[in-house]
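Hi,

Here is the structure I promised to pass on. Have a look at it first, and then read my notes below.

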Amino acid sequence: MSDTHASSVAFVRETAIEPAPPPATETGLIKWVRENLFSSTMNSILTVLSILAVYYLLTLLLPWIMNGVWDASSIRECREKLDGATGGCFAVLAERWHQLVFGRYPQDSYWRPMLAFVLMFAAFAPVLFSNLPRKLLIGTALFPFVAYWLVWGGSVLVPVAVLLGFVAGYLVYSRLVDQSFAMGFVGGVVAAILFWWASGFVVTEDASFMSLPAVESRDIGGFMLNLILGVVCLSVSLPLGIALALGRQSSMPIIKFFSVIFIEFIRGVPLITLLFVANVVLAYFLPPGSNFDLILRVMIMITLFASAYIAEVIRGGLAALPRGQYEAGDSLGLDYSQSMRLIILPQALKISIPGIVNVAVGLFKDTTLVSVISMFDLVGMVRGPILASTDWNGVYWELFGFAALLFFVFCYGISQYSQWLERQLQTDHR
């Protein structure tokens, strides 16, 4: 082949060219900053203003935290150690942490509520995570009775008698529910009440069998009281809210009437009013000399309040389902309870997750309102015994900041779990 012919043949590469790296502005952190913080003129201005605001806040907050005093016996000693410098008096947290967390609970029994707190996560795990063995639900059912015995103390026979009363009620309900749901429900409640009444002659508070030192309800306080109220009231208000939502949509006029009246009345009354009713007014309707525990009264009122809001949230989920879902149950030959349990409620509860979580977070934060009726929860301990002490009178930011941090951690955890649950239940195609 001549040189002229060889120079006219196009060059053919036998190996692929290595891909060139993307521009620096189209990958990594630079791309994220450009697309999210400086994507437009307005976003750029807002980003710069936000950076300046954060910088200003950090210049005030960081010296206050870094120069904080953790070892002092009073606010005066804190100020002496600061000597005019900017810093927080965190010694109040180190000295009064037991009051902030446990209230006036006996210090030698702190292990009891802490053990109940650990058992709470183990008990809730089968309910919150469906991939766990269902046999663990037995521990979930036993947890309320174990937690009551650990926190309040007394003889173990008392919660055992209450547990057996629930078992007796369930056995009667399972026998009569085939004839009528209402007959089964009423029969179960009557059987449980009769069992508790009969066991009251056998089991007494001073029984010594497997007893723990009894703790009065007035000694239960701090963040532990907020946690007890939040967990118990939310756990009870959710099934009660479902029942009210179904009752409001019922075709039976009496059930629908009472459900509507209850929901509208409770939603129209502030929670603080219901707490005052539980603290003061309810005592006038009780027999003279009766002892109706204040914590139980508050639990009832907060539960009723939350159940009314949850009922409306779930009713919205029920209304969002197309009519064909209800007709599907009829076409399969399912009765009302089977259709609701297997078809309607799973979809309605899935739709209602954001609203239920919103009520749960609000309910947990609203437990601080019990401090208005002289219950020493976390806020009540700050406003009462701690700030009333001459040693720490004047320390506000440290105490309320600690309270805000505790509530933020728990509320943020609830929010993150709800988002995870929504992703797990996201089975539709978009």
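Before anything else, a word on accessibility: I call a residue buried when its relative accessible area is under 20%, exposed when it is over 50%, and partly exposed in between, using a 1.4 Å probe and protein chains only. By that rule Arg-248 is buried, at 14% relative accessibility.

Two notes on where the values come from. This is a predicted model, in which local features need pLDDT of at least 70 and side-chain atom pairs count only at pLDDT 80 or more, while totals for chains, interfaces and linings use all residues. Residues are numbered from 1 along each chain as its sequence is written, and side-chain values use heavy atoms, with hydrogens and water left out.

Salt bridges

Side chains of opposite charge can pair when their charged atoms come close. Here a salt bridge means a side-chain nitrogen of Lys or Arg within 4 Å of a carboxyl oxygen of Asp or Glu. How many salt bridges does a search of the whole structure find? It turns up eight.

Another pair to look at is Asp-71 and Lys-81, whose closest N and O atoms are 3.4 Å apart. Asp-71 sits in the loop between α3 (41-66) and α4 (75-82), and Lys-81 is in helix α4, 10 residues away in the chain. Is Asp-71 buried or exposed? At 52% relative accessibility it counts as exposed, while Lys-81 is partly exposed at 42%.

Then there is Glu-95 with Arg-96, a salt bridge with an N to O distance of 3.7 Å. Glu-95 is partly exposed, with a relative accessible area of 31%, whereas Arg-96 is buried at 13%.

How the helices pack

Two packed helices are described by the angle between their axes and the distance between the axes. In my notes, axes are lines fitted to C-alpha atoms, for helices over the stretch in contact, and angles run from 0 to 180 degrees between N-to-C directions. Angles under 35 degrees count as roughly parallel, over 145 as roughly antiparallel, 65 to 115 as roughly perpendicular and the rest as oblique.

With helix α11 (residues 253-267), the axes of α10 come within 8 Å and cross at roughly 125°. That makes α10 oblique to α11.

Some contacts across the sequence

Ala-308 is in helix α13 and is buried, at 0% relative accessibility. Lys-256, in helix α11, is partly exposed at 40%. Leu-60 belongs to helix α3 and is partly exposed at 49%. Leu-60 and Thr-86 are 26 residues apart along the chain, with 8.9 Å between their C-alpha atoms.

Most residues other than glycine have a negative phi. Where does Ser-374 sit? Ser-374 is in the loop between α16 (353-366) and α17 (378-388). Its phi is near 65°, a positive value in a residue other than glycine. Ser-374 is exposed, at 59% relative accessibility.

Over to you!

Methods: Helices (H or I, at least four residues) and strands (E, at least two) are DSSP runs, numbered from the N terminus.
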